[in-house]
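Me: I have a new model open and would like to learn how to read it. Could you take me through it feature by feature?

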Amino acid sequence: MTRVAIIGGSGLTALRNLEITRREVMRTPYGEPSAPLVHGRIGGQEAVFMPRHGHGHTIPPHAVNYRANIWALKEAGATHVIAVNAVGAIVGSLVPGSLAFPDQIIDYTYGREHTFFGNDQKPVTHTDFTFPYCEALRQVLIVTARESGLAAADQATYAATQGPRFETIAEINRLERDGAHIVGMTGMPEAALARELALCYASIAVIANPAAGRAEGVISLRQIEAALDAGMDQVRALLERAIPRLH
Ligand code: HPA
C-alpha cells in the first residue's frame with residue numbers, strides 16, 4: 001500500500017490544504033523527531049506531514065534530527081517521501097518563486113548524524129546512491145507540474161551546505177565549478193537516510209533567492225520570504241494533484 005509523507009521546509013511549516021485528522025508523537029531509537037506527525041488528507045488521499053524545522057521553525061538545518069524524522073516516517077508506514085527544500089539558485093535560469101526537481105546531490109555538510117548503519121542497531125551496509133532520488137516519484141512530480149503549468153526545472157544538481165549562514169561568492173563559484181545548480185542546507189543527510197530505509201524519496205526544491213554573488217548586493221531575507229510565499233502556493237497545488245496519482 002502506498003503511504004505518502006511530506007517533509008515541509010522553510011516556508012512550509014504547515015500544509016494549509018491538509019485536512020488534519022490527528023497528530024502523533026513518535027519516539028525513535030535516535031531521539032525525538034522535529035515535531036509530532038500530522039496525519040490528514042490531501043487531494044482526497046491520506047498523507048502524513050512533518051515540519052523539518054519544527055512547528056515554530058526553531059530547529060536550524062544543522063541541528064535537525066534527520067535520523068529521527070526519517071525513522072518516524074518509516075515507522076508510521078510511509079512508502080514515499082516528498083521533501084520540500086528552499087534553495088538558492090546558482091545558475092541564472094532558475095528564478096525565485098519557481099521550482100526544481102533535483103536529480104543529483106553533492107554533499108558538503110559535516111558533523112551531522114548521517115547513517116543508520118555501523119552502530120549496534122544495524123550492521124555495516126554500503127547503500128547504493130548512484131541515483132539519489134526516486135525516479136518514479138520524480139517523474140510523477142515532473143509530469144504533474146508540467147500539466148499544471150507550473151514553472152519547474154526537471155533536473156538540477158543540489159549542493160547541500162552546512163549553514164546556517166549563507167555562502168560566500170567564492171563558495172558559490174566553487175559549487176558551480178563542481179556542477180551544482182542549486183544550493184540548500186537540508187538536502188543531506190535526509191535523502192541518504194531515506195535510501196537506507198528503502199523509502200522512495202524525491203525533492204521539490206523551491207527557488208528562494210539567487211545564491212551569493214548571483215545578483216546585486218547581499219542576500220535579502222525579505223526577498224526570500226516573498227519568493228517562498230509564491231513558491232509554496234505552487235508546492236501546495238502540486239502536492240494536491242500529485243499525491244492522488246501515487247495511489
Ligand atoms: N544557500 C543555501 N541555502 C539556501 C539558500 C542559499 O542561498 N537559499 C535558501 N536556502
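**Reading the model**

Reply: Let's start in a loop: G56 sits in the loop between β4 and α1. Helices (H or I, at least four residues) and strands (E, at least two) are DSSP runs, numbered from the N terminus. This is a predicted model, in which local features need pLDDT of at least 70 and side-chain atom pairs count only at pLDDT 80 or more, while totals for chains, interfaces and linings use all residues. Residues are numbered from 1 along each chain as its sequence is written, and side-chain values use heavy atoms, with hydrogens and water left out.

Me: Is G56 buried or exposed?

Reply: Buried means under 20% relative accessible area, exposed over 50%, and partly exposed in between (1.4 Å probe, protein chains only). G56 has a relative accessible area of 60%, so it counts as exposed.

Me: What is the phi value of H57?

Reply: For H57, phi is near 50°, a positive value in a residue other than glycine. H57 lies in the loop between β4 and α1, and its relative accessibility of 38% makes H57 partly exposed. A198 also deserves a look: its phi is near 60°, a positive value in a residue other than glycine. A198 belongs to the loop between α4 and β11, and with a relative accessible area of 61% A198 is exposed.

Me: Which peptide bonds are cis?

Reply: One of them joins G163 and P164, with omega about -5°. P164 is in the loop between β9 and α3 (169-178). Another runs from M188 to P189, where omega is near 10°, and P189 is in the loop between β10 and α4.

Me: What does I182 touch?

Reply: Contact means heavy atoms within 4.5 Å. Not counting residues up to four places away in sequence, I182 touches a set that includes V87, G88, L94, Y158 and I207.

Me: Which strands does β5 pair with, and in which sense?

Reply: Two strands pair if DSSP finds at least two bridges between them. β5 runs parallel to β1, with four bridges, and A5 stands opposite V81 in β5. β5 is also parallel to β11, through ten bridges; there V87 has I207 as its bridge partner. With strand β10 (residues 182-184), β5 pairs in the antiparallel sense over two bridges, and G88 stands opposite V183. As for cover, nine of the ten residues of β5 are buried.

Me: How should I read S203, and what does its side chain contact?

Reply: A polar contact is a pair of N or O atoms within 3.5 Å; within protein, one must be able to donate a hydrogen and the other to accept it, and residues adjacent in sequence count only if both atoms are side-chain atoms. The side chains of S203 and N85 make such a contact at 2.9 Å. S203 is part of strand β11, and because its relative accessibility is 1%, S203 counts as buried.

Me: Finally, which residues are around the ligand?

Reply: A residue is near a molecule if one of its heavy atoms lies within 4 Å of it. Around the ligand are A86, V87, G88, F166, E167, V183, G184, M185 and N209. A nitrogen atom of the ligand lies 2.7 Å from a polar side-chain atom of E167. For N209, an N or O atom in the side chain is 2.6 Å from a nitrogen atom of the ligand. Accessible areas come from the Shrake-Rupley method with a 1.4 Å probe; for residues, only the protein chains shown count as cover. Taken alone the ligand exposes 260 Å², and the protein buries 94% of that.
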